[in-house]
Amino acid sequence: MLDGVKVVKLPDEEVVGLARRVERIQINASTLSSLNYPGKLHPFKCDIRKEEDLCNAFTWTTNNIGVVHILVNNAGVCLPTNLINGDSEMWKAILETNIFGLCVAQREACKLMTTHNISGHIVNINSIAGHGHYYFPSTSIYGATKHALTNICEMLRSELTANKSKIKVTSVSPGLVDTQLVTEEFSLPGEMELMEGVPLMECKDIADAVVYALSTSPSVMINEITLRAVGSPV
């Protein structure tokens with residue numbers, strides 16, 4: 001199950017892609033089908049900020065596809081707002097998407113994996129912003145949520161270990177990636193100038209890192225992967 005709109009394609013896998021704008025998942029599904037990829041991508045309309053939507057998505061997946069073995073939490077938002085005079089509705093959107101929705105998805109996945117004795121894998125797409133490696137004036141709240149996610153990943157791993165669970169937890173922390181989040185969200189005065197000439201990674205680079213983490217043996221867990229474009233100053 002993928003929470004967000006980027007698709008990590010694994011051979012012969014049934015993948016459920018969750019998105020509020022489900023049309024984007026449907027386009028990806030059609031593309032994969034036309035290329036005769038093995039497995040299938042199932043689009044499912046879901047607002048990550050709504051607990052009921054997420055719970056319904058897991059129920060639908062269990063009833064129609066099977067119990068989730070892999071969860072990739074990829075949904076994230078970085079709206080242009082700051083701490084001094086920021087918009088509280090933007091704060092709420094960032095916090096609910098980047099933290100609340102992610103935690104609900106983790107919880108539901110863990111419950112199902114534990115109930116069905118599945119040694120699954122939870123991959124959270126984090127950011128180098130979650131490790132204090134860059135700062136833009138409009139990313140104060142976003143950076144705070146990613147710092148929280150760094151801690152959430154480690155605490156989830158600790159909780160699972162204490163419960164003698166074999167579920168793996170991986171945090172993938174990219175630098176700047178050529179996505180809508182980077183190309184459109186850094187919009188406060190002076191920020192676009194800071195971005196000029198900065199090399200960006202491609203979405204495939206992050207997908208490859210996720211697949212690498214998933215490919216480890218049952219006895220090995222990669223806790224953290226950090227990626228940057230070669231030559232990137234942040």
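Modeller: What follows covers helix 3 and the helices it packs against, in a predicted model.

Colleague: How many residues does helix 3 have, and what is its reach?

Modeller: Helix 3 runs over residues 88-115, which is 28 residues. From first C-alpha to last it reaches 39 Å, close to the 40 Å expected at 1.5 Å a residue.

Colleague: Where is the kink in helix 3 centred?

Modeller: On Glu96, with a bend of about 40°.

Colleague: And the ends? What does the side chain of Asp87 reach at the start?

Modeller: One of its side-chain oxygens comes to within 2.7 Å of the backbone nitrogen of Glu89. At the other end, helix 3 is followed by Asn117, which has a positive phi, near 55°.

Colleague: Switching to packing. At what angle do helix 2 and helix 3 cross?

Modeller: Roughly 30°, with the axes coming within 10 Å; helix 2 is residues 51-64. Angles under 35 degrees count as roughly parallel, so helix 2 is roughly parallel to helix 3. The crossing is right-handed.

Colleague: Which residues make that contact?

Modeller: From helix 2, Glu51, Leu54, Cys55, Phe58 and Thr62. The helix 3 side includes Phe100, Val104, Glu108 and Leu112.

Colleague: What about helix 3 and helix 4, what angle there?

Modeller: About 15°, with the axes 10 Å apart; helix 4 spans residues 140-162. That makes helix 3 roughly parallel to helix 4, and this crossing is right-handed.

Colleague: Which residues of helix 3 meet helix 4?

Modeller: Among them are Trp91, Leu95, Asn98, Leu102, Gln106 and Cys110. On helix 4, the partners include Tyr142, Thr145, Leu149, Ile152 and Leu156.

Colleague: Why that spacing?

Modeller: An α-helix has 3.6 residues a turn, so residues three or four places apart point the same way.

Methods:
Residues numbered from 1 in each chain as written. Predicted model: local features only at pLDDT ≥ 70, side-chain atom pairs only at ≥ 80, totals over all residues. Heavy atoms only, no water. Helix = DSSP H or I, 4+ residues; strand = E, 2+ residues; numbered from the N terminus. Expected span 1.5 Å × (residues − 1). Bend = angle between axes of the 7 residues up to and from the residue. Polar contact = N/O pair within 3.5 Å; in protein donor to acceptor, adjacent residues only side chain to side chain. Axes fitted to C-alpha atoms, helices over the stretch in contact; angles between N-to-C directions. Parallel < 35°, antiparallel > 145°, perpendicular 65-115°, else oblique. Left-handed = near helix turned anticlockwise from the far one by under 90°. Contact = heavy atoms within 4.5 Å.
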